[in-house]
Amino acid sequence: MIKNSEFNHTTLIKYSADTIEKQEISDIENVNIIEKDGSIKWLNTYGFEHHSEFKQIIQKNNLDDFLIKLLLEEEHTNKVIELDNLLFIAIRVLKTEKSALDSEQMIFVASSDFIWSIQEKRGDYFEWIRERLKGSKGVVRKKKAHYLLFLIMESIIDNYQSTYEKSAELSAHTIELSKIKPTPEFTSLVEKRKQELFNFKKASSSLRDTIVKLEKVELIDKKTKYFAELKEQSINLNSDIDFELQELESKINLIFSIQGHRLNEIMKTLTVFSIIFIPLTFLAGIYGMNFKNMPELDSENGYFILLGIMLVITILSIWIFFRKKWF
């Protein structure tokens, strides 16, 4: 009997065009995914630490022994490996249930008759698929397991798309063009959004690359267009992300332009005042010297004459600035 409580959350769904059965697995002996009974099997487990259980399932079902080595690896890059009548698919998927994006590893072992999905963390986007299987909606129960794999991949992409659209709408409201201000707070909002988009793009690009590989494998029926459609969806999602990244770059450039313009205005104002006061300071400096023989000091109206000269210089400078439209 299985003693690990986490592994007890493993489920096995067996379905055909006419029947469907769901089992909560409590014993490894009940896991038979290669039984030739005309049904498609979907085995779903959580956690990658159940090495002994995985090994028993592989050996009991006479699956390719190389799977044991692959499942012992703690981290996988996105990959699609063709084995003996099997596909090993490893992808890293964004977890979008919370505002802070997280990620998890997902592994799929697929053939024409079964899918074995292994998820790092509890919870997924696949409940609607289970409902379709249960209610016999669409053609899923009439298709091979590769169609189930297509629905799983489609569910991941749809989740990315819907999450991206919600976050894009919220971001557009928060970072409106009319609200652009060259402040650290606004710049921080833009940079935070850019980081979210980079995470989205990394995940969707990796998923797109996986789908491209799936299109090329021999075990997938080349007549089907399912994975070509998924590739198109992932390309469109990447295009939307790239477009928003370009918009954010434009806003950052606009912020720099506004800051540069303000700095120029400040420097121009300071320069104007400096030009006005430099000659006045020069005159004040001359007549502030302590020489005995300064004829102007003995003049009865020297003080008023100097103030008049200063006033004329000031008015003349301001008139020149207005004439040249420096104000």
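**Briefing: aromatic cluster, salt bridges and a nonpolar patch**

At 4% relative accessibility, Phe-150 counts as buried, where buried means under 20% relative accessible area, exposed over 50% and partly exposed in between, with a 1.4 Å probe and protein chains only. The model is a predicted one, in which local features need pLDDT of at least 70 and side-chain atom pairs count only at pLDDT 80 or more, while totals for chains, interfaces and linings use all residues. Residues are numbered from 1 along each chain as its sequence is written, and side-chain values use heavy atoms, with hydrogens and water left out.

**Confidence**

- The chain has a mean pLDDT of 82, and 91% of its residues reach 70 or more, pLDDT being the predictor's confidence in each residue, from 0 to 100.
- Over residues 1-6 the pLDDT is below 50, and this stretch has 12 contacts in the model beyond near neighbours in sequence, a contact meaning heavy atoms within 4.5 Å.
- Where pLDDT is low, the predicted coordinates should not be read in detail.

**Aromatic pairs**

- The count comes to 6 aromatic pairs, the rule being that rings of Phe, Tyr and Trp (its six-membered ring) pair if their centres lie within 6.5 Å, with planes under 30 degrees apart counted as stacked, over 60 as edge-to-face and the rest as tilted.
- One of these pairs is formed by Tyr-147 and Phe-150, which are tilted at 40° between the planes and lie 5.5 Å apart, centre to centre.
- Because Tyr-147 and Phe-150 are 3 residues apart in helix H4 (residues 145-174), about one helical turn separates them; helices (H or I, at least four residues) and strands (E, at least two) are DSSP runs, numbered from the N terminus.
- Phe-150 also pairs with Phe-227 in an edge-to-face arrangement, with 6.3 Å centre to centre and 80° between the planes.
- Since Phe-150 lies in helix H4 and Phe-227 in helix H6, this pair ties together parts that are 77 residues apart in sequence.
- Phe-227 is buried at 3% relative accessibility, and Tyr-147, Phe-150 and Phe-227 form one aromatic cluster.

**Salt bridges**

- The structure holds 16 salt bridges, each defined as a side-chain nitrogen of Lys or Arg within 4 Å of a carboxyl oxygen of Asp or Glu.
- Lys-14, Glu-35, Asp-37 and Lys-41 are linked in a network of salt bridges, within which the side chains of Lys-41 and Asp-37 meet at 2.7 Å, N to O.
- Lys-41 is buried with a relative accessible area of 0%, whereas Asp-37 is partly exposed at 36%.
- Lys-14, placed in strand E1 (residues 11-15), counts as buried at 15% relative accessibility; leaving aside neighbours within four places in sequence, its contacts include Glu-35, Asp-37 and Lys-41.
- In helix H3 (residues 127-135), Glu-127 and Arg-130 lie 3 residues apart, about one turn of the helix, and form a salt bridge whose closest N and O atoms are 3.3 Å apart.
- Glu-127 is partly exposed, with a relative accessible area of 42%, while Arg-130 counts as buried at 12%.

**Nonpolar surface patch**

- Leu-263, Ile-266, Met-267 and Leu-270 make a nonpolar surface patch of about 390 Å², with accessible areas taken from the Shrake-Rupley method with a 1.4 Å probe and only the protein chains shown counting as cover for residues.
- Patches are made of residues with over 30% relative accessible area and no salt bridge, like charges being joined within 9 Å and nonpolar side chains (Val, Leu, Ile, Met, Phe, Trp, Tyr) within 5 Å.
- Met-267 is located in helix H6 (residues 226-286) and counts as partly exposed at 45% relative accessibility.
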